[in-house]
Amino acid sequence: MRRCPVAGICRPRLSLPVSVTRARAHRKYSVHIQQKKASPAQPQAPSTNDSYLTTTSSAPIPPARPDPYALVAPQLKELRETLLNLLGSSHPSLTEIAKYYFLHPSKQLRPLLVLLFSQATNGLGSGWYLKKWAAECEGAGGRAEELDRPLTRADVLNDWNPNMPDHTASFQTSFSLQPPRPPHRPPLPPPFPPALHVPTVVSPLALLPTQIRLAQIVEMIHVASLLHDDVIDKSPLRRGAPSAPAAFGNKLSVLAGDFLLGRTSAALSRLGESEVVELIASVIANLVEGEVLQLKSVHAEELGISGLSPKVGQENWNLYLQKTYLKTASLMAKGARAAVVLGGCKEGEVWKEVAYAYGRNLGIAFQLVDDILDYEEGDVTLGKPGGADLQLGLATGPALFAWEEYPEMGPLIKRKFEQPGDVELVCQASCMTR
């Protein structure tokens, strides 16, 4: 018999799944090896052949891992400064709240991923020479100053940005028809037979203006999702400061999130790459789908939608991973793939497939770790309330692991941790499991 940490219930030892048993065995083996390495060396009999003797002092010291942020630090700094220019509005209060989260320290993981994949793959795609030419040739649409120019007349868009007075206009009571302008004829690119292309990363490493703008776009979409999430979750903190709903109210927070999505859509259209527009537009749909999936698991009855009956096992894990992909990993995966496409990678070339797979796996892993920290860390470490998911009734990765090991947690999860002491019991059980 052993005592379960949940409500002090005693039960016989459970037989764990094979995958869990293997994982535990691997962890115990790893701990044993670490302890063995840390213990003082034991005297051994001298070898008969001195050539086989080695000393720990002669072992090479592995090089320190490079700091990924240091690799693109100047670009990240410029990106953050110029991004604020995109957020100007004819309503000062809307501008203030749109900039609010950008003015607080953040990890900037999503733009970092875009910039690193851009540097790592520029030159590998067969269309790189065209992208590089467009970034250098006036009129080709890829120069930094051209990305701020609207594709439509400013007085038709009526999207005033005081930071860009030369390219935007405000609403006027009268509208005058103008004679059609002659069609714009972009300059012709230099001839370069694709057969001569040899995949080689450019040296020195380079970033295109379109890729830097993409990094800004993915960060703007991420912040828009935070504004909406904090309203839905009634979160009081974000990035160590009062959340936007706490500081400005729910209505302005929702409107500011919509405003950011509108500005990202316009910026996205000017990148000149249809596949990138499709990728990033689908991210916005994924974010909504992921939020609905999360709402179904907690508020199905009050919202009048078909809910999910939580059951321990693989089905519940699949739903959790699907929600994690939609809400977190989709933006990282598609942002990384879009960066490689903007570098000239075409259909059938493996680089954009690798970028998507890396971003997908990194995004899921990132959220898994974030869910663990939600159980173990406090407000100071997270910059948001600890235990927030449990307070909302959400069963994330740690709770699902604990449920497999302690079936007694089932009723707590099904009642969404509503009773006093439920959250504390789940935290205790989750921290004692794998």
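Colleague: Why is K234 called exposed?

Modeller: In this predicted model, K234 has a relative accessible area of 73%, and because the term exposed asks for a value over 50%, K234 counts as exposed. The residue is found in the loop between α8 and β3 (237-238).

Colleague: Is N158 buried, partly exposed or exposed, and how do you know?

Modeller: The relative accessible area of N158 is 35%, and because partly exposed covers the values between under 20% for buried and over 50% for exposed, N158 is called partly exposed.

Colleague: What makes the peptide bond between S203 and P204 a cis bond?

Modeller: Omega of the bond that joins S203 and P204 is about 0 degrees, and the bond is cis. P204 has its place in the loop between α7 (154-157) and α8 (209-233).

Colleague: What can be said about K327 and E291, and why does one of them count as buried?

Modeller: The side chains of K327 and E291 meet in a salt bridge at 2.8 Å, N to O, and they link helix α12 (residues 314-342), which holds K327, with helix α11, which holds E291, 36 residues apart. E291 has 8% relative accessibility, and because buried means under 20%, E291 counts as buried. K327, at 21%, counts as partly exposed.

Colleague: How many salt bridges are there by this rule, and which residues are linked in a network?

Modeller: The count comes to 14 salt bridges, and E275, R337, E347, K352 and E353 are linked in a network of them.

Colleague: Why is the pair of F117 and Y358 called edge-to-face?

Modeller: The planes of the two rings stand at 65 degrees and their centres are 5.5 Å apart, and because rings pair within 6.5 Å and planes over 60 degrees apart count as edge-to-face, F117 and Y358 form an edge-to-face pair. F117 lies in helix α5 and Y358 in helix α13 (residues 351-376), so the pair ties together parts that are 241 residues apart in sequence. F117 is buried, with a relative accessible area of 13%, whereas Y358 counts as partly exposed at 46%.

Colleague: Where in the chain does R110 lie, and why is R110 called buried?

Modeller: R110 has its place in helix α5 (residues 109-121), and its relative accessibility is 11%; because buried means under 20%, R110 counts as buried. Leaving aside its neighbours within four places in sequence, R110 is in contact with residues including V218, E219, H222 and F366. The C-alpha atoms of R110 and G363 are separated by 9.4 Å, although these residues are 253 residues apart along the chain.

Colleague: How many residues does the largest nonpolar core have, and which have the most contacts inside it?

Modeller: The largest nonpolar core has 57 residues, and L214, L260, V276 and I280 have the most contacts inside it. Among the elements that give two or more residues to this core are α5, α8 and α12, and the largest share, 11 residues, comes from α8.

Colleague: Which residues does L214 touch, if its neighbours within four places in sequence are left aside?

Modeller: L214 is in contact with V114, L271, V276, I280, G335, A338, A339 and L342.

Conventions: Residues numbered from 1 in each chain as written. Predicted model: local features only at pLDDT ≥ 70, side-chain atom pairs only at ≥ 80, totals over all residues. Heavy atoms only, no water. Helix = DSSP H or I, 4+ residues; strand = E, 2+ residues; numbered from the N terminus. Buried < 20%, exposed > 50% of the residue type's maximum accessible area, 1.4 Å probe, protein only. Contact = heavy atoms within 4.5 Å. Salt bridge = Lys/Arg side-chain N within 4 Å of Asp/Glu carboxyl O. Core = buried A, V, L, I, M, F, W, Y, C linked by side-chain atoms within 4.5 Å. Phe/Tyr/Trp six-rings, centres within 6.5 Å; stacked < 30°, edge-to-face > 60°.
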